[in-house]
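Biologist: I am new to this structure and would like to go through its charged pairs with you. Could you show it to me before we start?

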Amino acid sequence: MSTATKTSHIGRKISRIRELRGMKQEALAAELGISQQSVSSLEQSEHIEDEKLEKVAKVLGVSKEAIKNFSEEKAINFFNSIYENNFTNSQGTTFGNNLGTFNPIDKIVELYQEKEKLYERILQAEKDKVAYLEKLLDKK
């Protein structure tokens with residue numbers, strides 16, 4: 001059988017998309033309300049009815065057309081294009097589309113500042129409590 005007439009194995013596509021999403025068969029099974037063995041059987045199926053495919057697609061966060069049209073080559077090309085459009089030179093300059101950066105030092109500083117504010121609120125609450133108790137004692 002030539003590749004041009006080769007039929008699409010929908011179960012393998014579901015399996016690959018599930019793996020790319022970092023999902024285990026057990027997790028997919030739980031979301032679908034079926035057993036892990038049923039998911040395994042589903043992923044071995046060459047054809048799946050549209051209603052079931054729609055449910056699987058929803059859980060995987062894609063359309064059923066995306067599953068039907070999925071190919072490993074398209075996925076690789078997609079990720080390569082993202083990489084090529086977001087490379088960084090040796091001076092740290094980012095070219096292309098910037099999908100966002102994450103600086104761990106900034107996050108640590110932000111968390112430390114939040115912690116300081118929390119301690120200040122706790123200290124103020126304790127001061128208010130002491131003042132209230134003193135006020136109650138003075139009344140007696």
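Biologist: What makes Glu110 and Lys107 a salt bridge?

Modeller: The term requires a side-chain nitrogen of Lys or Arg within 4 Å of a carboxyl oxygen of Asp or Glu. The closest N and O atoms of Glu110 and Lys107 are 3.7 Å apart, which is within 4 Å, and therefore the pair is called a salt bridge. This is a predicted model, in which local features need pLDDT of at least 70 and side-chain atom pairs count only at pLDDT 80 or more, while totals for chains, interfaces and linings use all residues. Residues are numbered from 1 along each chain as its sequence is written, and side-chain values use heavy atoms, with hydrogens and water left out.

Biologist: Why are Glu110 and Lys107 separated by about one helical turn?

Modeller: They are 3 residues apart in helix H7, which covers residues 104-139; helices here are DSSP runs (H or I, at least four residues), numbered from the N terminus.

Biologist: Why is Glu110 called partly exposed?

Modeller: Buried means under 20% relative accessible area and exposed means over 50%, with partly exposed in between (1.4 Å probe, protein chains only). Glu110 has a relative accessible area of 36%, and Lys107 is at 35%, so each of these two residues counts as partly exposed.

Biologist: Why are Glu43 and Arg18 called buried?

Modeller: Glu43 has a relative accessible area of 8% and Arg18 has one of 7%; both values are under 20%, and therefore both residues are buried.

Biologist: What makes Arg16 and Glu19 a salt bridge?

Modeller: The closest N and O atoms of Arg16 and Glu19 are 3.2 Å apart, again within the limit, so the name applies. Both residues lie in helix H1 (residues 10-20), 3 residues apart, about one turn of the helix. Arg16, at 27% relative accessibility, counts as partly exposed, and so does Glu19, at 42%.

Biologist: How many salt bridges does a search of the whole structure find?

Modeller: The search finds 7 salt bridges. Asp50, Glu54, Lys64 and Lys68 are linked in a network of such contacts.

Key
Helices (H or I, at least four residues) and strands (E, at least two) are DSSP runs, numbered from the N terminus.
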